[in-house]
Amino acid sequence: MLDINKIREDFPILKREVNGKPLVYFDNAATSQTPQVVIDAIVDYYSTYNANIHRGVHSLSQEATDAYEQARIKIQKHFNAAQSYEIIFTSGTTHSINLVSSGFESLINQGDEVLLSALEHHSNIVPWQMLCEKTGATLKVIPMTQSGELDMAAFAKAVTPKTKLVFVNHVSNALGTVNDIKTIIAKAHSVGAAVLIDGAQATPHIKPDVQALDVDFYVCSAHKICGPTGVGILYGKQEWLDKLPPYQGGGEMIETVTFEKTTYAGLPHKFEAGTPNICGGIATGVGLDYMNSIGFDTIATYENELLTYATEKLIAIDGLKIYGTSKEKTAVISFNVGEIHPYDIGTILDKLGIAVRTGHHCAQPIMDFYKIPGTVRASFSFYNTMEEIDIFVAGLEKAVLMLS
Ligand code: 7TS
């Protein structure tokens, strides 16, 4: 059982008001809020042991290096990676995907096929389009259904011996659909293709086991899992990370440098050129510890209760249509009411202190599929309450009345 009052005490921002009303924060799919333990870890780092890592003999540098590498081990354990050097720190999901897609430029050839899903965020579309433009490979799309699920029969047909890479999100940011990634990974592997799973929206709700999934790359952002902005995680199987060339050149990623030739450092440093976000990496580990102390099963059960409660209340509103009705979904509700523009609803809700996201959610192909410009998206987290859903629904009813 989750002690909601105690949990809410952990998040100072939840005490603030917006436009004179208590904040109701339902934009968790964009970024999660930050618990006090993470804020404290950031203050502690800069107050007591700020130093550059992996290079100093002095105590501060060693303390910072230890804390940063401990965070990597926490992340390894969280995702059940076989080795800590299979965890690469990046600046976010977008950076992680670009690192992998640019690495594949030397591994993909004209005539090869790469497969992505119709449910992707732009950051899991555009880098691969760029890869295809550079290499002459073909981009193929796994279609979606009206309920916002992937058409798995079409996927099975689309995988051929020409398929070299498959990239799919674990959970759709615009609809909340949980994709059957285990089946996708197994099918892709049957033709020797590598699989990248974008876990940006799954990791706030689900604890993935990368070895059980047998996934080749799994990526996510710290700022959606109670950590800071500017930190991303890239898990890569050692065999694939060894095959990929370095992404950026610079300090830290080398073994020896002469003007004639540079040799590269081993994993994970090969992909971590320059001074990283040291404090951010450490704080990411603290955020994961915090979420694990509540427990991902507890989080999922509670969030599912929020989702069910909110869905029941919303469908009772005249003219409201929910996009994304998959049986397996996270606590995300995308909707429109009649012909009212989502932006207008979002603006009125903001005046009432309620934060939702409106627009295409960086998933324009999904909006095109439904032939809509965008949606209102309410996304819940384990620190939200049923009372907040009541406030949101009452605010929405008021907005609809004003805008009809
Ligand atoms: N992939 C998915 C599935 C996402 O939801 C996001 C961010 C990204 C990639 C990119 O993550 P970043 O941390 O590199 O920016 N999604 C959202 C969202 O839904 N609203 O704001 C950001």
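Which polar side-chain atom lies 2.8 Å from an oxygen atom of the ligand? The atom belongs to the side chain of H223.

## Basis of the model

This is a predicted model, in which local features need pLDDT of at least 70 and side-chain atom pairs count only at pLDDT 80 or more, while totals for chains, interfaces and linings use all residues. Residues are numbered from 1 along each chain as its sequence is written, and side-chain values use heavy atoms, with hydrogens and water left out.

## Ligand surroundings

There are 15 residues around the ligand, and T94, D198, Q201, S221 and R357 come nearest.

D198 has a side-chain N or O atom 2.5 Å from a nitrogen atom of the ligand. In R377, a polar side-chain atom is 2.7 Å from an oxygen atom of the ligand. The ligand taken alone exposes 490 Å², of which the protein buries 87%. Such areas come from the Shrake-Rupley method with a 1.4 Å probe; for residues, only the protein chains shown count as cover.

## Aromatic pairs

A pair of aromatic rings is described by the distance of the centres and the angle of the planes. Rings of Phe, Tyr and Trp (its six-membered ring) pair if their centres lie within 6.5 Å; planes under 30 degrees apart count as stacked, over 60 as edge-to-face and the rest as tilted. The whole structure holds 18 aromatic pairs. One of them, F11 with F382, is edge-to-face, at 6.0 Å centre to centre and 65° between the planes. F11 lies in the loop between α1 (4-9) and β1 (17-18), and F382 in the loop between β17 (375-379) and α14 (386-403), so this pair ties together parts that are 371 residues apart in sequence. Helices (H or I, at least four residues) and strands (E, at least two) are DSSP runs, numbered from the N terminus. F11 and F382 are both buried, where buried means under 20% relative accessible area, exposed over 50% and partly exposed in between (1.4 Å probe, protein chains only). F11 and F382 also belong to one aromatic cluster with Y290 and Y383.

The pair of F217 and W240 is tilted, because the ring centres are 6.3 Å apart and the planes stand at 50°. F217 lies in strand β9 (residues 217-221) and W240 in helix α9 (residues 238-243), so the pair ties together parts 23 residues apart in sequence. F217 and W240 are buried. Over the face of W240 lies K243, at 4.0 Å from the ring centre; a charge sits over a ring if NZ of Lys or CZ of Arg is within 6 Å of the ring centre and within 35 degrees of the ring normal. K243 is found in helix α9 and counts as partly exposed, at 44% relative accessibility.

## Helix α3

Helix α3 has 21 residues (residues 59-79) and should span 30 Å at 1.5 Å a residue; its end C-alpha atoms are 30 Å apart, which agrees. The expected span is 1.5 Å times one less than the number of residues. Among the buried residues of α3 are A64, Y68, R72, I75 and F79. F79 has a relative accessible area of 2%, and its C-alpha atom is separated by 38 Å from that of I345, 266 residues apart along the chain.

## Backbone exceptions

Most residues other than glycine have a negative phi, and most peptide bonds are trans. Just after α3, N80 takes a positive phi of about 55°. N19, with a positive phi near 50°, lies in the loop between β1 and β2 (21-22) and counts as partly exposed at 44% relative accessibility. H361 has a positive phi of about 60°. This residue, H361, is in the loop between β16 (357-359) and α13 (364-370) and is buried at 1% relative accessibility.

The peptide bond from L267 to P268 is cis, with omega near 0°. P268 is placed in the loop between β12 (262-264) and α10 (278-294).

Note on methods: Near = heavy atom within 4 Å. Polar contact = N/O pair within 3.5 Å; in protein donor to acceptor, adjacent residues only side chain to side chain.
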